[in-house]
Amino acid sequence: MFYDNLINYLDLVLIVVIPLIIVALAGMFSERSGVVNIALEGIMIFGAFIGILFVNGKFYPHFPEVQAILDGGGVTAFQRAMTLQAEMFVDMLGPLTTYLLGMLVAAISGAAISYFHAVAAIKMQANQIISATAINTLTPALALFLTMSLGLGESQGTDKLPIHGSVFKIQEIPLLSKIPFIGDVFFTDVFPSLYLGIIVLIVSYIVLYKTKFGLRLRSCGENPHAADAACINIYKMRYAGVLISGVLAGIGGYFFVLGYTLEFDATVAGYGFLAIAVLIFGNWKPFNIALAAMLFAALLTLSKGIAFFPALEALNIDGSILSMLPYIATIIVLALTSKNSAAPKAEGQIYDKGER
Amino acid sequence: MKKISAFCKRTLTAVGNWFKSLTFKKIGNGLLKAFKYVGRKILKILNQPVILNSFMAILAGLLVGFIVMLAVSKDTMTGQWDPANAWAGLMKVITGGAQTLQSLGNVFFKAAPLILVGLSVGFAFKTGLFNIGGSGQFMVGGIASLYVANLVVMPAPWHFILAVLAGIVAGAIWGFIPGLLKAFFNVNEVITTIMMNYIAMYLTYMLAYSPLVYDNLLTSVNVVFPTAHIPKWGLDTLFPRSNIDISILIAIFTAVVIWFILRKTTLGYELKAVGHSTEGSRYAGINYRKSVILSMMIAGALAGLAAAMNYLPLRPDYFRPITKINAIGFDGISIALIAQSNPLGIIFSGILISYIKQGALTMQILGFDKQITNIVISVIIYMIAISSFIGTMFKRRREKAKLKKLLMEKEATSDVL
């Protein structure tokens, strides 16, 4: 009994931890290049929105069966037709392909929206926090507006997108799932995002520390003038940093929403901001970020996962207080770690070639 | 701009001359001088690049909003794509707020909390802090004033004042924590205020659901507390059938007070100095920690006051327990940015945003979602962020063109020679 509960709880943690890692890495690429990106939340929302639309088959013409139901008319028919459209779309491509294509779409849309931040922050020399705030305001409004005006919601007149996440779960991986405990947690009934997230983590580490590109990127965030003197194009590197950040944040939002909820109403519950806290706590280093994300995820899932721990549940703590915990913990952690933080030195500074 | 100023000068002189032609020549002369003085002042304000930037940003915001509407605009009956509908929608956004005295009254009514939240963000901006926590301070302030309004029994004016004070104090506490962390641990206030927003959201969710104040029928916090409502002072006879009350007067008064503090007092000078240069102000003997904490507390208090103005009126916003962050803090950011954090400018930008929002409400019958206001607001924020660069870009281009012209002329003359 306790074993099952523990497995369930860890599954829940994994669903949260992977997006957190990916989005915190997104923030890392941007900040390491010297651009503060608090638009992660907005980019996540946009990536998730477009990705979910793709997975629901909204970009694909209606299947004949779906069209037949729609022609029949009626309010309930719409909802039925849309569910059918999503199911048939997934059947047509196969779950894994759909999932990966959706990820690609989310990545592209994330990059597209982050480009606005890049232009403002790098070329237009704007205040990076203000332009990011604009994006954070824009994307949820745009998502809700489009859902309402184009009738993309689960039924007419709602601004919520339906999410059929569970079809994308991998039931079990042969052989590996037979390993006791590890097999149960990591290789049965998991989202492909688990493996993709680990790949992203490792690749990020390699890119940042083992390639010429990574070295140049980091130098832009530490001392852009010196980097410029070494013939590195600061503007180009920063664009690259922000766009990679957009790609990863878009993917992160997509993974998060598919795993976390059944309805998408243009919110990712502040995980974009939490990812920034994870980034700071993880000291701007990939594997530290992963560890920090695990700690945060364990806290974040506490209010949802407390049902799995009868002993804790018996204490009868209010759900709201449990939900508050991760945010309080973030503040405390930030207060304690701020003294020895290794933030990129030129973070948030506008780079002007003509300066000095 | 030059053409406009020339035109203004001409009309002003004409008006003055008209007065001069009256028999009271001396009065006419005096009035001419006064007119010229006022006109020059207004022109001076209008000629600032800041104002021009804000106007351009607002225009750009409306333009993008229009394009988005154009893309999705549908005939309400047939469902066919219909660009005329988008134009009608835009007209509704632009004129909807001033259609009747009632809607105009409601614009002022809704503007009060917006102005105050804008002041909260703007005050923090002026002192070098970025207060994204307006929403959290607002929610906490709101629940505090509602608790006092619902649970305390008191005679009329005092009950109202106490409820407002409760909101102010709660907001100030919510601003105090990020200020403390910034002052003593050097934690970036952007992250902490965002975290405080989420804590406030869950806290107010819990408190609003409490049986002490929750009303099952309304599915919100109880709103019937006759002695704590905001008085109207007869303003509703001025704008019949609207919800207007003295909250707009309180907001304007507060803006003037904040302007006075920032411009004319030592305290304001110190707070601004800290925002301008931490090290410099330390060198000048200003207590850096005290200043940071104080500015965040004042910012929080203003957001709390905004909440009291939002939740205490006779027909208030309902305080529903939902796990969603109130978006007003972000409206406050755009309001402060449009006015470049000038407290007196915030009065106007607050009314403007309220006006657009009211227009968007009337637009809903054409099948557009009211989220269009947030799209417009975000574009305005973005445009203001990049406006100074665009301004310098145009300036440079003008200078270049001038230089080119000069060179050409020189070449032309040298050819002749």
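Residues are numbered from 1 along each chain as its sequence is written, and chains are lettered from A in the order in which they are written. Because the model is predicted, local features need pLDDT of at least 70 and side-chain atom pairs count only at pLDDT 80 or more, while totals for chains, interfaces and linings use all residues; side-chain values use heavy atoms, with hydrogens and water left out.

Chain B is divided into domain 1 (2-47) and domain 2 (90-367), with bounds that come from an automatic or database domain assignment. The C-alpha centres of these two domains of chain B are 40 Å apart.

At the interface, 47 residues of chain A are in contact with 41 residues of chain B, contact being heavy atoms within 4.5 Å. About 3800 Å² is buried between chain B and chain A, and carbon and sulfur atoms give 81% of this area; buried area is the accessible area (1.4 Å probe) that two parts lose on being put together, summed over both.

Side chains of opposite charge can pair when their charged atoms come close. A salt bridge is counted where a side-chain nitrogen of Lys or Arg lies within 4 Å of a carboxyl oxygen of Asp or Glu. One salt bridge is found across the interface of chain B and chain A, and A:Asp265 and B:Lys324 form a salt bridge with an N to O distance of 4.0 Å. Over all chains the count is four salt bridges. A:Asp265 lies in the loop between strand 4 (263-264) and helix 12 of chain A, and B:Lys324 in the loop between helix 13 and helix 14 (328-338) of chain B, so the pair joins two chains. Helices (H or I, at least four residues) and strands (E, at least two) are DSSP runs, numbered from the N terminus.

Grid points are joined across faces, edges and corners, and a volume is the space filled by probe spheres set on the points. The second largest pocket has a volume of about 1200 Å³. It is lined by 39 residues, of which A:Ile129, A:Glu347, B:Lys182, B:Asn188 and B:Glu189 are the closest to its centre. Its lining has 21 nonpolar, 13 polar and five charged residues, where Ala, Val, Leu, Ile, Met, Phe, Trp, Tyr, Cys and Pro count as nonpolar, Asp, Glu, Lys and Arg as charged, and the others, Gly among them, as polar.

Three cavities of 30 Å³ or more are found in the whole structure. The largest cavity has a volume of about 100 Å³, and helix 1 of chain A gives the most to its lining, with four residues. This lining has six nonpolar, one polar and three charged residues. The second largest cavity holds about 50 Å³, and helix 3 of chain B supplies the largest share of its lining, four residues.

Technical notes
1 Å grid on protein atoms, 1.4 Å probe; cavity = no way out; pocket = protein on both sides within 12 Å on 5 of 7 lines; lining within 4 Å.
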